[in-house]
Amino acid sequence: MFNLFGKKESSPKDRLAECQRKHDWAGLARAYYQLGVDALNEGDLNKANLWLHRADTIYSARDEVYKKVGEELVDDCSERIGELEDAPLLYNDVPALIEEKSEGLRYEKVRVWGLLSLARLVRLGEQLASLPGCEALGKLGWAVDTVLKSFQGPLTKEEFQGLRDLGSALYQLGDDPAFWGMGSEIPVSGGAPFQVFDFNGLMGIHLEIDAYLDSHLGMLCALADEEEPPAPETGIIAGALMPDYYIRTGMGKPEENPRIQAELQRIWSDYEFAGSDITWEMIGARVAEYKKLDILA
């Protein structure tokens, strides 16, 4: 049958798969941007935050993509993201509350708090490591053990450099199409597949791991030189919430999602734990338990 009215324009969601297949990264950024604008127009601020940040990640990763997308879209996307930073969203509220509570803890206790959250990413990282370009995520268990060891004694040069190299690899992952362009995903028992791009939420969980490791190494160097250590990074503490996954897959409001509520309980339990009179044996036991946890189950 003839199409008397011309070819029907595909929706932004339909264009995602097409752009991934063609490696049209500028088109992929535009599609995510349009999804974000549509979500804003519909009053869905969570999805707007999700999609606009995905667009921003893609066009910020490569100069040639940035140029193809154009200054007008980039400026508008950045402005919309800026407006969402003041919205009452889990993306904003939980990190702000964590930062506030961390001010009442000594710097080493804040770092322990972060280490506990990092430990809960180990099992997911091991699964994601099977995806092309994501091998670094499989080293999170080693990183957790090495950071825990460093609290109690000096690291070898190889261990110190290994943590630095891992942080660098995770930072570079955000610029790789393996992270944002291929639609790579792993199965989730009883749920929708998890995409590696779901790590993009909360300022980029891979970037927060890098920031945590870099700050920790800075602390070790400062203490060795009898200098004041840098302020601890708190972004990783919210890392296991995974709001992008639950919002992308349409699993209700994040604040009402049982899995997010369970992770929030763990975060605040860890806060009380880190602030109490604890031993390294107690910390090690909790870390070992968390490393086996499937946070998506």
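Me: Before we start, what do the numbering and the confidence limits look like?
Reply: Residues are numbered from 1 along each chain as its sequence is written, and because this is a predicted model, local features need pLDDT of at least 70 and side-chain atom pairs pLDDT 80 or more, while totals for chains, interfaces and linings use all residues. Side-chain values rest on heavy atoms, with hydrogens and water left out.

Me: OK, at what angle do H3 and H5 pack?
Reply: Helix H3 (residues 45–61) and helix H5 (residues 71–84) pack at about 140 degrees with their axes 10 Å apart. That makes H3 oblique to H5, given that angles under 35 degrees count as roughly parallel, over 145 as roughly antiparallel, 65 to 115 as roughly perpendicular and the rest as oblique. The axes are lines fitted to C-alpha atoms, for helices over the stretch in contact, and the angles run from 0 to 180 degrees between N-to-C directions; the helices themselves are DSSP runs (H or I, at least four residues), numbered from the N terminus.

Me: And is H3 passing H5 in a left-handed or right-handed crossing?
Reply: The crossing of H3 past H5 is left-handed, a term used if the near helix is turned anticlockwise from the far one by less than a right angle.

Me: Which residues make that contact?
Reply: With contact taken as heavy atoms within 4.5 Å, H3 contributes Leu45, Ala48, Asn49, Leu52, His53, Ala55, Asp56 and Tyr59, and H5 contributes Leu73, Val74, Cys77, Ser78, Arg80, Ile81 and Leu84. By class the contact of H3 with H5 has 10 nonpolar, three polar and two charged residues, where Ala, Val, Leu, Ile, Met, Phe, Trp, Tyr, Cys and Pro count as nonpolar, Asp, Glu, Lys and Arg as charged, and the others, Gly among them, as polar.

Me: What about H10 and H12, how do they cross?
Reply: The axes of helix H10 (residues 157–173) and helix H12 (residues 205–224) come within 8 Å and cross at roughly 150 degrees, and the two are therefore roughly antiparallel to each other. Their crossing is left-handed. Among the residues that meet are Phe160, Leu163 and Tyr171 in H10 and His206, Leu213 and Cys221 in H12, and the contact of H10 with H12 divides into 10 nonpolar, three polar and two charged residues.

Me: Switching to pockets, how much space is in the largest one?
Reply: About 360 Å³ lies in the largest pocket; on a 1 Å grid over the protein atoms alone, a pocket is an open set of points with protein on both sides within 12 Å along at least five of seven lines, and lining residues have an atom within 4 Å of a point. Of its 18 lining residues, Tyr91, Asn92, Pro95, Leu202 and Met203 are closest to the centre. H6 gives the most to this lining, with five residues.

Me: And which residues are closest to the centre of the second largest pocket?
Reply: The second largest pocket has a volume of about 310 Å³, and of the 15 residues that line it, Asp56, Thr57, Asn200, Met203 and Leu207 are closest to its centre. H3 gives the most to that lining, with five residues.

Technical notes
1 Å grid on protein atoms, 1.4 Å probe; cavity = no way out; pocket = protein on both sides within 12 Å on 5 of 7 lines; lining within 4 Å. Points joined across faces, edges and corners; volume = space filled by probe spheres on them.
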